[in-house]
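Let's walk through this model together, from its backbone to the spaces inside it. Please keep the sequence and the structure in view as you read.

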Amino acid sequence: MNKTISAFIISDNEQSVRYNISKLNSVRLIKEIFVISSFISNKYFNDKKVIKTDFIHSSDTVKTINEKCAEDFALIIFGDKNIDIKEESTIRFLEIAEEQPAGIVYSDFYDEEDNSLVEHPLIDYQPGSIRNDFDFGSIMLFNKKQLGEFSHRQNYFKFAGFYALRLFVAEKYSITRIPEFLYSVKKAEIAKSGERQFDYVDPKNQYVQLEMEIAATFHLKEINAYLQPISRSVDFSKEHFNIEASVIIPVKNREKTIIDALNSAMNQKTNFLFNIIVIDNHSTDSTTEILKDVLRKEKRVVHIIPESKNPGIGGCWNEGISHPLCGRFAVQLDSDDIYQDFHTLQKMIDKFYEKKCAMVIGSYRLTDFEKNEIPPGLIDHKEWTDENGHNNALRINGLGAPRAFYTPIIRKIKFPDVSYGEDYAVALQISREYKIGRIYEPVYLCRRWEGNTDSGLSIHKENENNFYKDSLRTKEIIARQKINSLKDFKAN
């Protein structure tokens, strides 16, 4: 094999840097090794001097790698972990990079836990994998040519440099996963002298999020998937409803929580009529009996048991919004969550009329089962703006809760019959054409407990969920590209 590699270790942990240098020194295809750090400075590791940078994920770091890379490819090791990669694995990376040809290559790996190796599969990259938290593992192989092309771009980022690089590569070249376990990863011991928490690794950091949004928006423009600000309003008077709002509660086997949810809904104070539609997904515990007991006392509760034996949460939602007693607006309440106070429903419906929008999304507070706040506390998605929220929605993995819909529009769109990502799917589609209203104060309590459907997920289930949401984004990008292509055709 004629191709060779320059290796770059991007880390702030001295222990892992020393370990990784010792491993990379044994790989003959690697001709030079560089260390890039924002914390370690004025140090040599054997003969490898640290390249100091203030922001290790910046555009300047990418340019530095391009300048220092004298070989055909750059192998970049990210993070503060010990990496074991052998000669044959490096050869495999190069083989795939040349065969495709690929701008970026990454692979599955092993996690080393208690002296044993545990498989850690990743997922394939697709056009909709533009979220900034896509997992490439700890090793990525970059083609030197693409590094050079990106370095000529004028955009400068302190925190989103590698994110922008990845999006740039995806615009013109393939990003290829090798479904083979080509290296192992072990968490490094962190010396006290190296302990430091940087602001830029905090996903809640507003400036970091802003940079990520700028990079994603630029990418959407480059691939003709960017949409101009939405101005279309909704006329709520076109269709008649006897009920103004319906609280929609899909439920299955929630005997511990369903009464809390129902009481939360029934105790809402509003200046309009509302009901509660519970879609009981063939519960096998005492949930159904609890609901029947409530029905005898509360006439506003509508109890539905679907004909289908195994609908997803999306299928349950379709049952609720299609019911003749569904109100003008359909408002979410999960069966193990509760509203923040007695006024949540009123606030949600008021926002529809204020913004004349097709969907409203509130903010929620994470709590334990006893309603004590747990980190990170308030989830308000303030990165959403009226001007660019519908574009930025393609970068993030969720839009918040509770969610509410103008019923005639959600009846036309309908939910995919799945139990993960169904809300995100319809939100993307709605935002393509209609305005979405936001409430940034907490109106909802999302209670975390061992019974949550997303509690203790395996890596395989996480991958399945993430791949599905990436596929939703892929479909949405294609739909938006078609809209823009049609506009371009008409303009010409």
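Helices (H or I, at least four residues) and strands (E, at least two) are DSSP runs, numbered from the N terminus. With those names in hand, start at the loop between α11 (389-392) and β18 (403-406), where you will find P402. A cis peptide bond, with omega about 0°, joins A401 and P402.

Before going further, a word on the ground rules. This is a predicted model, in which local features need pLDDT of at least 70 and side-chain atom pairs count only at pLDDT 80 or more, while totals for chains, interfaces and linings use all residues. Residues are numbered from 1 along each chain as its sequence is written, and side-chain values use heavy atoms, with hydrogens and water left out.

How confident is the predictor? The pLDDT is its confidence in each residue, from 0 to 100. The chain has a mean pLDDT of 92, and 94% of its residues reach 70 or more. Over residues 190-203, however, the pLDDT is below 50, and this stretch has 20 contacts in the model beyond near neighbours in sequence (a contact means heavy atoms within 4.5 Å). Where pLDDT is low, the predicted coordinates should not be read in detail.

Now turn to strand β16 (residues 359-367) and strand β17 (residues 373-379), which pair in the antiparallel sense over three bridges; two strands pair if DSSP finds at least two bridges between them. Look across the pair and you will see Y364 opposite I379 in β17. The two strands form a hairpin with five residues between them, and K371 in the turn has a positive phi of about 75°. Strand β17 also holds P376, and a cis peptide bond joins P375 and P376, again with omega about 0°.

Most residues other than glycine have a negative phi, and most peptide bonds are trans. With that in mind, visit H381, in the loop between β17 and α11. H381 has a positive phi of about 50° and counts as buried, at 17% relative accessibility. N253, in the loop between β11 (245-251) and α7 (258-266), has a positive phi of about 55°. Its relative accessible area of 27% makes N253 partly exposed. Here buried means under 20% relative accessible area, exposed over 50%, and partly exposed in between (1.4 Å probe, protein chains only).

Grid points are joined across faces, edges and corners, and a volume is the space filled by probe spheres set on the points.

The structure holds two cavities of 30 Å³ or more. The largest has about 70 Å³ of space, and α5 (161-172) and α6 (206-222) each supply at least two residues of its lining. The second largest cavity, of about 30 Å³, is lined by S59, K63, F150, S151, R153 and N155.

The second largest pocket has a volume of about 320 Å³. Among its 15 lining residues, R232, Y406, I409, K412 and Y434 lie nearest its centre. Helix α12 (residues 407-413) gives the most to this lining, with four residues.

Technical notes:
On a 1 Å grid over the protein atoms alone, a cavity is a set of points where a 1.4 Å probe fits but cannot get out, and a pocket is an open set with protein on both sides within 12 Å along at least five of seven lines; lining residues have an atom within 4 Å of a point. pLDDT is the predictor's confidence in each residue, from 0 to 100.
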